[in-house]
Amino acid sequence: MAGVEAGIDREASPTRATVLLAGTAGVLYLADQVTKALVAANLDLGERVDVIGDVVQLWHLRNTGASFSILPGALWLFVPVTIVAVAMVAYFHVQFRQRGPWIHIILGAILAGALGNLTDRLRLGYVVDFVSVGIGDLRWPAFNVADPSLVIGIGALVLYLTFADARGRRDEPAA
């Protein structure tokens, strides 16, 4: 039986795939928006609070650029790029709707990250960043919940398409 291994169905039904994508996206999007709102309500702009010594801090910042604050103020670029990203998530979701659950969880994470930061850009004109990791003045650029959702999701998608999808093509009979 294709897709059945040790009694576990590895393929997702189209409905299950959509629930996984929407559920993952919903949980991560909500976590992103709630944490940003809590930081904005409880920390003054620029205020830092140590969480784990000075290694992990909450630091209320506004980012008008992309990752690492590049291209500040380029809202005209970020909105269309996000729309393309959302369209690509929808395309992959439809193309892979019969695949196992992980691809839909990955796509949900990407969708949440893209929509979380888009919401800030459209509503506020900037993205609220607040997690700062580093030692002293040597720090990674501040980020929020949407950022790792997007970055880890894209990395996982690349790995999936490179390895899992390639393995699936090798198992198919030649046409």
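**Note on the salt bridges of a predicted model**

1. Arg139 is buried, with a relative accessible area of 18%; buried means under 20% relative accessible area, exposed over 50%, and partly exposed in between (1.4 Å probe, protein chains only).

2. Residues are numbered from 1 along each chain as its sequence is written, and side-chain values use heavy atoms, with hydrogens and water left out.

3. The side chains of Arg139 and Asp54 form a salt bridge at 3.7 Å, N to O (a side-chain nitrogen of Lys or Arg within 4 Å of a carboxyl oxygen of Asp or Glu). Arg139 lies in strand 6 (residues 138-139) and Asp54 in the loop between strand 3 (48-52) and strand 4 (56-63), so the bridge ties together parts 85 residues apart in sequence. Helices (H or I, at least four residues) and strands (E, at least two) are DSSP runs, numbered from the N terminus.

4. Asp32, Lys36 and Asp120 are linked in a salt-bridge network. Within helix 1 (residues 14-42), Asp32 and Lys36 stand 4 residues apart, about one turn of the helix, and their closest N and O atoms are 2.9 Å apart. Lys36 also bridges to Asp120 at 3.0 Å; Asp120 belongs to helix 3 (residues 101-124), 84 residues away in the chain.

5. Asp32 is buried at 0% relative accessibility, Lys36 is buried at 4%, and Asp120 is buried as well.

Notes
This is a predicted model: local features need pLDDT of at least 70, side-chain atom pairs count only at pLDDT 80 or more; totals for chains, interfaces and linings use all residues.
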